[in-house]
Each structure stands twice: as structure tokens, then as C-alpha cells.
Amino acid sequence: MQTTDYTKNKDLKTESFGCGNLACPGCGETIAMRGVLNALDGDAVIVIPACCGSIIDGLFPFSKARVPVLHTPFATAASTAAGVLHGLRRRGNKHTTVVAWAGDGGTYDIGLQALSSTVERNEDFLYICYDNEAYMNTGIQRSSSTPLLAWTTTTPEGDLKKAPKKNIIDIMSAHRIPYSAAATVAYPDDLVAKVRRAKSTPGSKFVNILAPCPTGWKSKPSLSVKISRLAVRSNVYPLYEVFDGERLVLRDNPDPVPVGKYMELQGRFHGLSEQEVELVQRHVDHAWEQLRKRADEII
Amino acid sequence: MSSRQDKNKRQSLPEVSASTSDMSWNHTGDWSFIAPVYASRTAPCAVKCPLRVPVNDYMHLVNEGRHREAWQILAAANPLPSVTGRVCYHDCENGCNRAGFDETLNIHAIERFLGDTAIEKGWELPVPPADAAPAPVAILGSGPAGLGCAYALRLAGYPVEIFERETSPGGMLMVGVPEFRMPRKLLAAELTRLERIGVRFRCGEKVEDIKSISQQVMGVFLASGAHGSRDAGVAGADLEGVHFGLDYLKAYNGGKPHDTGGRVAVIGGGNTSIDVARASRRLGAEVDLYYRRTEAEMPAHPEELEEARAEGVRFHFQVAPEEIFADSDGNGRRVGSVRLIRMEQGEPDESGRARPVPVAGSGFEVEAATVVFAIGEQPEFDYLRGDGALNGGRLAVDAFGRTSIPGVFAGGDIVPGENSVSHALADGIAAGRNMAAMLRSFGPENLKKALDEGVPAEKINFDYFTKAPRIEPATSLKANPAGTDEASATLADAAAREEAGRCFSCGTCTDCDVCLVFCPDLAIRRSEGSYVVRTEYCKGCGICAEECPRGVISMERKDK
């Protein structure tokens, strides 16, 4: 069972996440933020750069989140979060978690410099990338998180993405930050546990949350959770954690499904030949083998 | 036996060689493997009757003069004996075994006698229990099918409302069957008796759209009959004096008959055509009936044919109309004559009957001032607005009388099958009983649900379950193959619990919170051990329905 304890014995009114968000139906970002805010028990400040999340949150002065939200320019999520952090700590607040909440565009590409320098200083904050694998808000342009052979409006048919997805966890690990992890919406127990672990760890924390996007992935809104689960079960998106840039703990997947099962539910992969799917399968298998070799612990 | 012989030996021998004891000690039944068994069996008349009226159960009561008891048995199966005693084709009599002895029993005459006697004496139908239901069942049409359904539902205690577009109830019995076959006084008496047990008629209310009433009722029974006339496609049919059979009869039965002009040509071979012919005779006209097939193929009942003949209707077989001409003497708008052509039997058609084929050069003209086409009626169901699966131009129904529309049943002439008063009445009674049984079993709110086939495997989300082998009890057979112990064993407590844990609980909400956790819009809220959907926030993404492990959730239109 993949349910989580955060809703048990709790009236929904006390959730730090409200109704009325502006997301498309079936959006993974909202499921992710709801899990994160509940894991943090509402004691958080969120910094959101330009991304889907800044739209979804609501029209100023309204917000779906029941915690303070700061909107910042595209490239500055991490550095703004550091500023908020220092302000809070100077005022004597030692407990509130400062969360930078950015999409993959604002993390893998545009915000990478600010992210790198902020975590290099090991600022005590939590950076969450809700990863929907393209610039969805601006019209589904490719990002460096877009997977191999995926369709986007800038990698159209006949010119699908040739580079595989950038490994952001590896980049974070290279900064030797205390905690980085890969999570996704279909596994709320795992997601909540990782966020809570991050909260209790001092220094910079990074969690990448794969968040299916029905609009950009050309998938049925009802299948967002299923696709998220298949990403894990096909090894396309392994769930793992890296402590201090070294110790890797991997969630095992003893009975993987073929990547085709994951890809067939998404229009962005439609029209791929058998050989192309096979190529993706080889990439996925290789990455999974490498990860298993590197893992200090497989759970 | 040996002990009995010893006993006999001990008695002193009698003085005369006469037996003094009986042979009952000898169970001769041990010699055989068969024995007689008594059972009440169905008489062939009841088998032939669409309503399964147990004719044989009440005949002896009539014979003994116990008419009321007889009528009660009859009326329990048929609420309109005075009607059916007249207009039913009494197939019961075709089953009568007296046919092989002397002559069949005149069952319908006795039925009619009992029906009329009941009206005369004011006998009432058994009073049904008080209504417990929150809303009525709506019935469209107050003909025999609608009345049968209403009767069955009322006997089960459910409220009914019959919508009738005409100003008085009875359906085809009122508009189609002429007074000389079915006196309106008696029809009205049987209808008001039904009213007295709570059947509510809403006459003059035409239902334009079934959806306008289906929301407010527990269920719907469609019994709107076949009132649409089939077009013959004969040139000249737009002349004055050309009518459709049912319209002609409606006018006649309504007391405002069409002017016959003295000579009527009836086209058709069904019961409507006979009624038209007989009604026309009563209007003083010369009547010729033209049928394109042979007499043996005529759908009309032979008895009616005979009566019509006796009344002076002239029958012409294997003749079909070609064209209708205006009366040259008059204003040129009224029918003057009809050109007909002789037909012969061709290859069999879809119905298996020989196809009537025109005989070239055999055309002839006859005088007529009125031409009535009575070549069949067809159902009309505009009020369904395109809903409902069809079968050969009629509404398709299953064995329970259910249409493809949830909560909507149908019977009588709008569904496939034989078209007769008794068959319609039987359809209605059967559907009414089925509706009552379903209401009792599933509750009013569930009658409208589509037939439940159970949660299919596709609706179970296997991702939420872990695989575990099926647990079988240890068998003593394996331990001791030749033993006489019971060959199988009962599960132990722990094993029973574990195996029970493998149950998916298909279709049952176990309060697992999956829907709650994954809703991107927080539109699902826990409420008294279950969940409610705040539709004002639900964007309809369907994640809850897709993820539900047990197939409890489905996405439906918010306006339903």
C-alpha cells in the first residue's frame, strides 16, 4: 500500500494546502506540493520562481498554499531562499523550513548557477524541483531535464530530443550537500519520508520530484499517478537518496516493467519505432545497473 | 422373517386350516424402485395463456356457483377479465384437451361472464398494502401493458402514475377497439376498479421528453404502444377520403366518424383492417377488404374474419392497390375509384412467407368513396430523444423487460414479440413484478442503475496489492491416501485470516485514503467513515477513479 499517514486522523481543513489552485486537471505539481507541505506540517516559507508553480499557486494576493509564498525571477529561487533564510534566522526563527520550489527549467537550466552557489555555501534550506521535464508553463519547450527522444514544441517530430535527461542528483552530489533525493508523486510515503529527513538535516537539501504533466506529456489526466508509478517500476526514474554526496541508498525494483509500458501512456513518446524504444530501454538498463553498482544500500 | 416364522411356530395349530393372521409383515414395496407421486400440474390452457391464468383452478368453482372465489383467482392473474374475455384471441382454448374428446371448453365466455358479473356485483380487487415508497413508478401509456404493470406494482405496494396522452385511459382498447367489440361502460368499470386500488391516471399529459419525469420517479415503464401508421406509398393517397386505419377507428370510436361516401375499400389484413371494415358496415357503407396475400396468411383472427363476413364485409385476397383516382363527378378532390392488381405467391421473404408478386396485366378498377389503409402500426418513441437500443424498429428489452436505459423498462407493442392485448398485459405484469422485486431487493435509488455485472478485473488496481499464494487447507487424504477420514480439511484460524486478507474487497470502499491523498485539488474530504467529493473544486481529472484499488469510484457527469 502506498498511502501515507499524513491525512489520517486529520481534518483536511488543517492541511497547509488549499483548494482552488489553477493547475490543469491531473497536475503532478499540486500532488507534490501537497505532500511536501503536509510533510513540513505547515512550518515553511516557499520561494517560487517563474514556473508553472507560480501560476498554479493563484492570483495575487491569493495563494493555494497556507504558508507564506514569495515569487521571484526565474534564475533566483535558491539565492532568494538564502536571503529569506538569513532574514528569518536573524529574527530568531530557528525552526521554519525555507523551501525553494522550482520547475526543471528553473533548476536544471536557468536557476542552476544560483542553485550551485547556494548549496556550495551549504545554506540551511530545502530546494525542491518538481520535475515535469520541460518548460510546460511557457508552451512545452525542451529543458535539459527532457528525456531522450521525447517530443516537445522545440524538439518536434523528426527532431526529437537527442540528449538524455541531465542527472541533477549527480550534480547535487558533486556539491557534497548533506542530502539529495529523487522522489515522485505515486509514492507519497516515500516522498513524505524524504522531505521529513531533509527537514531534520542541517545544511542544503535537494529533492527532485518527478511530477507528470498531462498537458506537456500528452497523457490522460487520470493517469498521472499511474505514469509516475510506471516511471519507477520501469527504472526510468529510480527512487534513491544520496547522503553527503557519497552514501547512496536505492529503493530496489526487483520486477521491472519494460519502458514501453511507461512510454505508451504518453503522447510525447508516440510514433517512436521499436528500435527507438529499444534504445531508451538500453539507456535505462545501463543507468539502473550503474546505480545499483554505486549503491551502498539497496532497500 | 425368521423371527416371525418362529413366532408362528409357537402358536398352536388351529383346528381348521384357515389363516388367522395377515401378511402385512411382508413389505412388498421392497420389490420395486418406483412409486406414485402426487403433484399439482399445469393445465395446457394455462400454458397457452400469455398471462398463465390458472383456468383449471377456477372452473370447478364456477360450476359450483362460487363465482366470486372463481373471479378472485382469475383477477389475481388478470385485472381485466371483462376486457380480455372479449378481445383476447383465447389461445387457451387451443390448448384444451376436450378437443380430442368432443369440443373445446368455451373458456373466454366464462372469463367474460366472470368479468361482467364482477362489475355487476361491484367486486373489488384485494386492497394492497400502504405505499412505503418515496416516489411513484411512472408508466407511459394506459393500454393493456401499462395497466398490467401498474397492477403488479400496486399489488406489491408501490405507487404508480400512468401518463396518458389521450383524454381517457385505455390506450388501444379505448382508441382502437370499437364499441361493438368492447363496450366502453365495461372498460371504464375495470379501469375505475384499478383506480380504486391506487392506480393513478394522468390523462391528457403527453410526455415530450422522458428525462422530464425520470428524475422524479423510482423507475419508468414504457407502454406507449404502436400508434404510428405505416405509409403505403400509393399514388393518390392525398385525396379526401383516404385514411389510415387507426385514425379512422379513433374518429369512429370518438363518436365523430369520417363520412364513408357509401363505399369503403379497406387495404390490409390485420385486426385493425377488420375493425375498420366492421365499423364501416355500421356506418351503412358497402365494404370491400383487399389483402395482398392469401386468406390463410391473414394476420387477423379467423373468428373476426367470420364475424365480418357475417356482417356483409366482402373479402378479396391476393389483391393490392396501385393507384387511387379522384371522383370525376365531384369536385375532383374526393376518392372515386381505386386501381388494384392481382398478386401471386413468389419466393419466400424475410418473414418466411411467400412474397406477393403482382401479376402483369391483371389490373382492374373498382369504385370507392373511401380508402382506408390498415397495413400495420408501428411504435413511436420521440420522447426517448434517440436513447435506447432498438431491435427491428422496436425497443430492445432483456428477459426482465429492461431497456438499455437504466431504470427504464418497456413492454407491449413497443417491444418485439406478438402484438395482442393479452401479450401486452402479460408484458406489463411481468415487468411490474420484476420492477417490484428489484425495488425490494436493491432499493429505489438502485433501480435506475444499469445491470450490475460485478466489478471487472480491469477496475481493480493491482498496483495496490501484493502477491500471495492461495491458501488451501491441509488434506488428510494426502497424509493417508487410503484412509477413511474426511478427504479434505477445514482451514485453521490463522490460515483463514490470512486467506481472507487476500480478498480485494472488489467494489467496497475500505477507507484506504488513496483517493484522498492523490487528489490534486483537495476536492475529496472524509465524512463519517466515507468520502464526499466537493464538486465545486473537482476538475474531473479522474485520478481518484483510476487509482481506486477496488473499483469503487467512477467518473460521472456532474449534472446527473
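**Charged pairs, sheets and surface**

Mentor: Asp521(B) and Lys539(B) join their side chains in a salt bridge, 2.7 Å from N to O. A salt bridge here is a side-chain nitrogen of Lys or Arg within 4 Å of a carboxyl oxygen of Asp or Glu. Keep in mind that this is a predicted model: local features need pLDDT of at least 70, side-chain atom pairs count only at pLDDT 80 or more, and totals for chains, interfaces and linings use all residues. Residues are numbered from 1 along each chain as its sequence is written, chains are lettered from A and ligands numbered from 1 in the order in which they are written, and side-chain values use heavy atoms, with hydrogens and water left out.

Trainee: Which parts does the pair of Asp521(B) and Lys539(B) tie together?

Mentor: Asp521(B) is in the loop between α18 (514-518) and β19 (524-527) of chain B. Lys539(B) is in the loop between β20 (530-533) and α19 (543-547) of chain B, so the pair ties together parts 18 residues apart in sequence. Helices (H or I, at least four residues) and strands (E, at least two) are DSSP runs, numbered from the N terminus.

Trainee: Is Asp521(B) buried or exposed?

Mentor: Asp521(B) is buried, because its relative accessible area is 3%. Lys539(B) is partly exposed, at 26%. Buried means under 20% relative accessible area, exposed over 50%, partly exposed in between (1.4 Å probe, protein chains only).

Trainee: What does Glu133(A) form a salt bridge with?

Mentor: Arg268(A), with the closest N and O atoms 2.8 Å apart. Glu133(A) lies in the loop between β4 (126-131) and α6 (168-174) of chain A. Arg268(A) lies in the loop between α10 (259-263) and α11 (274-294) of chain A, so this pair ties together parts 135 residues apart in sequence. Glu133(A) is buried at 4% relative accessibility, and Arg268(A) is buried at 3%. Asp131(A), Glu133(A), Lys165(A) and Arg268(A) are linked in a network of salt bridges.

Trainee: And in chain B, where do Arg293(B) and Asp349(B) sit?

Mentor: Their side chains meet in a salt bridge, 3.3 Å from N to O. The pair links distant parts of the chain, 56 residues apart. Arg293(B) is in the loop between β8 (286-291) and α13 (302-310) of chain B, and Asp349(B) is in the loop between β11 (335-348) and β12 (354-358) of chain B. Both Arg293(B) and Asp349(B) are buried.

Trainee: Switching to sheets. In what order do the five strands in chain B form the open sheet?

Mentor: The order is β6-β14-β7-β8-β9 (chain B), with parallel pairing. The edge strands are β6 (242-244) and β9 (314-317) of chain B, each pairing on one side only. Two strands pair if DSSP finds at least two bridges between them. Neighbouring strands of this sheet are turned by 20 degrees against each other on average, direction ignored.

Trainee: What packs on the sheet?

Mentor: Helix α11 (residues 245-253) of chain B, touching β6, β7 (263-267) and β14 of chain B. Its direction makes about 90 degrees with that of β6(B). Contact means heavy atoms within 4.5 Å. Axes are lines fitted to C-alpha atoms, for helices over the stretch in contact, and angles run from 0 to 180 degrees between N-to-C directions.

Trainee: What joins β6(B) to β14?

Mentor: Three bridges join β6(B) to β14 (residues 370-373) of chain B, and the two run parallel. His243(B) stands opposite Val372(B) in β14(B).

Trainee: Back to chain A. How many residues of strand β3 are buried?

Mentor: Seven of its seven, for strand β3 (residues 97-103) of chain A. Thr97(A), Val99(A), Trp101(A) and Gly103(A) are buried on one side, and Val98(A), Ala100(A) and Ala102(A) on the other. In a regular strand the side chains alternate between the two faces of the sheet.

Trainee: Which strands pair with β3(A)?

Mentor: Strand β1 (residues 44-48) of chain A pairs with β3(A) in the parallel sense over four bridges. Val47(A) stands opposite Ala100(A) there. Five bridges join β3(A) to β4(A), also running parallel. Ala102(A) stands opposite Cys129(A) in β4(A).

Trainee: Last one: what does Lys226(A) touch?

Mentor: Leu265(A), Glu546(B) and Glu547(B), not counting residues up to four places away in sequence. Lys226(A) is in helix α9 (residues 224-233) of chain A. Lys226(A) is partly exposed, with a relative accessible area of 28%.
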